[in-house]
Amino acid sequence: KAALLILLDLSRSMLAEDIQPNRLERAKLKLEDFFNAKPNTKIGLIAFAGSAHSVVPFSKDYKTITRQMEALRPDIMPIQGSNLEDALDLADSLLLKIIAPSTIVIVTDNIDDSDFQRISQSAAQSHIELMAISTPSGAPIPFRNREIKDKAGNTVISSLNTIALNQLEEIENVNVITVTLDDSDVKILAARVRQNLEFEIDLEN
């Protein structure tokens, strides 16, 4: 049966507050709204920063997934950073035995140009939805009651790379969702996931 894997970014930049209360907490709320929209598929959860880790195996118990997700924060991750490649490697391995077309939902605040090739590889096997949790204007990254600065002493501003996102949408099997104030974004996501399940339903009939 088709499945869905959520890749949740737990890098320190997800604590930036250009989206209230911060990017990470807004992402969790959006994912909870997504569960409430009844995507009708089993879901697994991967958390990633400098390394990637499976948090919840595939399950339709969305309440359990929500409880596990609520406890996630950057300081519990063993390695800092934002290693999307590691997360996609883990996702691909977990989806390897699933024949039906599955979906990977990447929830992150930014995508680097260097990620394009790796995303394309996963998109050849799975449908990919990327939810961008940040703004073009960006915000500082809080860390231990101060803001992260570069080597020159300037405050680091983490912002959304809109050019990269536009280019990402040109990859076949990849969609980009930007966060909205209401729940229209997660409703669109849930509708796409249900549409992706039509292949499985057709086979059963």
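Two aromatic pairs occur in this predicted model. Rings of Phe, Tyr and Trp (its six-membered ring) pair if their centres lie within 6.5 Å; planes under 30 degrees apart count as stacked, over 60 as edge-to-face and the rest as tilted. Phe-34 and Phe-35 make a tilted pair, with 6.1 Å centre to centre and 50 degrees between the planes. Phe-35 and Tyr-62 are stacked, at 5.4 Å centre to centre and 25 degrees between the planes. Phe-35 belongs to helix α1 (residues 23–36) and Tyr-62 to helix α2 (residues 62–70), so this pair ties together parts that are 27 residues apart in sequence. Helices (H or I, at least four residues) and strands (E, at least two) are DSSP runs, numbered from the N terminus.

Buried means under 20% relative accessible area, exposed over 50%, partly exposed in between (1.4 Å probe, protein chains only).

Now turn to strand β5 (residues 127–132). Of its 6 residues, 6 are buried, so the strand is largely enclosed by the rest of the structure. His-127, Glu-129 and Met-131 point one way, while Ile-128, Leu-130 and Ala-132 point the other way. Strand β4 (residues 103–108) runs parallel to β5 and is joined to it by 6 bridges; two strands pair if DSSP finds at least two bridges between them. Thr-108 has Ala-132 in β5 as its bridge partner. From β4 the chain passes through helix α4 (residues 116–123) to β5, a right-handed β-α-β crossover. Right-handed here means that, with the strands pointing away from the viewer, the path from the first strand over the helix to the second runs clockwise. Strand β10 (residues 174–178) is also parallel to β5, with 5 bridges between them. There, Ile-177 stands opposite Met-131.

Ile-177 leads on to Asp-185, which touches it along with Lys-30, Thr-178, Val-179 and Thr-180, not counting residues up to four places away in sequence. Contact means heavy atoms within 4.5 Å. Asp-185 sits in helix α6 (residues 184–196) and is buried, at 2% relative accessible area. A polar atom of the Asp-185 side chain lies 3.0 Å from the backbone nitrogen of Thr-180.

Residues are numbered from 1 along each chain as its sequence is written. Local features need pLDDT of at least 70, side-chain atom pairs count only at pLDDT 80 or more, totals for chains, interfaces and linings use all residues, and side-chain values use heavy atoms, with hydrogens and water left out.

Note on methods: Polar contact = N/O pair within 3.5 Å; in protein donor to acceptor, adjacent residues only side chain to side chain.
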